[in-house]
Amino acid sequence: MTDTAHGTFRAVSLPGLTRRGTVPAHLYGYRLANGPDSLPSGLVVRHKCDEPPCQNPAHWLAGTRGDNNRDAASRRRLAGHALADVRGAVGRARAVQTAIATARPEELDAAIAAALAAGNPSGAHQDALF
């Protein structure tokens, strides 16, 4: 996971101490879902759900970095929104990851909901994660 909570994986093994060969999971997934040339140069993959680790192709759209920044700025102050989580994106992603890893299958939805609620002290409603 990156410092912005985006998932990554190593696509190739290259020698050395750099992260060369590491691919953002949402970028790879976008191109897998839409074709290898589906993202023109200068565009980024944006998350409609504002959940950096999300891998749902229905939640992705292409846009400029400016579009992405404007999206975030307009929604960061919305009570109960993913971008308003007091733990930040990485803390939120780790809390959900832990909830998924430790919950029994029949309690998974409740565990995810509790993890999300923990970063939202206002108690405001927010949409489902995925």
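User: What share of the contacts in the protein with a separation of 6 or more comes from residues 24 or more positions apart?
Analyst: This is a predicted model, in which local features need pLDDT of at least 70, side-chain atom pairs count only at pLDDT 80 or more, and totals for chains, interfaces and linings use all residues. Residues are numbered from 1 along each chain as its sequence is written, and side-chain values use heavy atoms, with hydrogens and water left out. Contact means heavy atoms within 4.5 Å, and among contacts with a separation of 6 or more, the share from residues 24 or more positions apart is 42%.

User: In which sense do β3 and strand β4 pair?
Analyst: Strands are DSSP runs of E with at least two residues, and helices are runs of H or I with at least four, numbered from the N terminus. Two strands pair if DSSP finds at least two bridges between them. In this protein V45 stands opposite A62 in β4, and β3 and β4 (residues 60-63) are joined over four bridges, in a sense that is antiparallel.

User: How are helix α3 and helix α4 oriented to each other, roughly parallel or roughly antiparallel?
Analyst: Helix α3 (residues 88-102) and helix α4 (residues 108-118) pack with axes 9 Å apart at an angle of about 155°, where axes are lines fitted to C-alpha atoms over the stretch in contact and angles run from 0 to 180 degrees between N-to-C directions. Angles under 35 degrees count as roughly parallel, over 145 as roughly antiparallel, 65 to 115 as roughly perpendicular and the rest as oblique. The two helices, α3 and α4, are therefore roughly antiparallel.
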